[in-house]
Amino acid sequence: MNIRGRVAFAAAAVAVVAIPSMAMAGDSHQDKTSAAKHAIQGGTARNVILLIGDGMGDSEITIARNYQVGAAGRLAMDTLPLTGAYTTYAVQKANPALPEYVTDSAASGTGWATGHKTYNGAISVLPDGKPVPTVLELAKKAGYRTGDVTTAELQDATPAVLGSHVVDRGCKGPQSMTACAVNDKVNGGAGSIAEQLVQTRPDVLLGGGKVFFDQTVQAGSFQGKTVTDQAKAAGYQVVTDAAGLAGASHKAPILGAFAPNNMDVEWVGPTPTRTGTTPVRCATNTARTATQPHLVDMTTKALDVLDKQTKHSKKGFFLQVEGASIDKQDHAANPCGQIGETVAFDAAIKKALDYQKSHRDTLVVVTADHGHTSQIVEAATLGYTATLITHDNANMTISYATAEITGSQQHTGTEVRIAAGGPQAANVLGVTNQTDLFYTMKRALGIR
């Protein structure tokens, strides 16, 4: 069944989107020694697919697993052969020798994208503001095709760190540069995140953020025109809906901007309260129209395009795919929104793993940028809770307790899961640092 399918639950009057998950028996009691040995591969990879679940800590994974496939089931992300954990701390801007224990997506993204720690809010710059090259930029320079896919604005932190360098993550468009005077084209800088992404020119750029591509360039050769005009001049096919994405050719780069800001969430459900909620199941978000592609659709298109572009080349591709609104719905204390985005992200992971099955020289890495606030608890807490009916037909109570319900729930400073399969995947084993992922991917691609 595809991502648009539905499954009726007898115990509830609503339906949920049944997104493909790899449900498996809980414990087969097999000796996995031989499989683990077989999973360890050295050498280089033709392709690297990095999948980032924004805010997807172990708690968020467990919540989604329990809901979608049950406590003894397994998601696609649970099936990668080698699993470890990595630390996610940032550094303090005023004193980079000291850690900032709770990172944001900009600093953490800079860590895995460049191999350097930086301060919260920085986009691929050091604490002194100096730009540092990213894995996507290095891959492109070495002759690889590249892709950057998200359900957030393409100018949001995770997609932004791969192809832009600004001192503040809020500098998303040429008319939004107040906090980044040093980067502003008016002052001789490289421009906003939107402008720099187009200038970096990944072969595939898919997500939201159309409002920033529609802003007017303030200086340089495209002054007075929009960033979208700049993209078209760079050879991009610009598409704005699912039909346009489906019809886009692999023979030219694709810029897909499918929402003014972030793309719409998959599921809706109860709002947590101080005293909890009646147990229910999640429902499809009927406000999400068919004009917006799902993350699995964007991932499928990106893989198809990059595969065709590299079919007769010695070099393959680097692709990043982000499930962005796991984080955003965790901030909003929206359990069904959060779970639906995690399940949608898992469908994209399954697509990547299916691709890897026929392209064994592909490194697939699945991880998060930081942990978040949601917790599975026994009963109502001092925070806000909601109770959902899971795949097991059991009640699961989820607590949000780091902010008022009208505020924004906080990230946490926990280490998070990193799992991988393919060449160089063994480098995720144990407890590593977030910055180590940059070197793992660089080594896999054989780039300097």
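Is Asp156 buried or exposed? Before I answer, please keep in mind that what we have on the screen is a predicted model. In this model Asp156 has a relative accessible area of 6%, and because buried means under 20%, the residue counts as buried.

As for where Asp156 sits, you will find it in the loop that runs between β7, residues 145-153, and α5, residues 157-160. If we set aside the neighbours within four places in sequence, Asp156 is in contact with Arg169, Lys172 and Lys328.

Now to the annotation. In the unreviewed UniProt entry, "binding site" is the label that covers Asp54, Asp156, Thr158 and Glu322. These residues are spread over 269 residues of sequence, and yet they cluster in space, with 11.1 Å as the largest C-alpha distance.

Let me finish with Arg65, which is located in helix α2, residues 58-68, and which, at 12% relative accessibility, counts as buried. Its side chain makes a polar contact with the side chain of Asp78, at 3.0 Å. Beyond the neighbours within four places in sequence, Arg65 is in contact with Asp78 and also with Gly70, Ala71, Gly73, Arg74, Leu75 and Arg417.

Note on methods: Residues numbered from 1 in each chain as written. Predicted model: local features only at pLDDT ≥ 70, side-chain atom pairs only at ≥ 80, totals over all residues. Heavy atoms only, no water. UniProt positions renumbered as here; feature names shortened; annotations may be inferred. Helix = DSSP H or I, 4+ residues; strand = E, 2+ residues; numbered from the N terminus. Buried < 20%, exposed > 50% of the residue type's maximum accessible area, 1.4 Å probe, protein only. Contact = heavy atoms within 4.5 Å. Polar contact = N/O pair within 3.5 Å; in protein donor to acceptor, adjacent residues only side chain to side chain.
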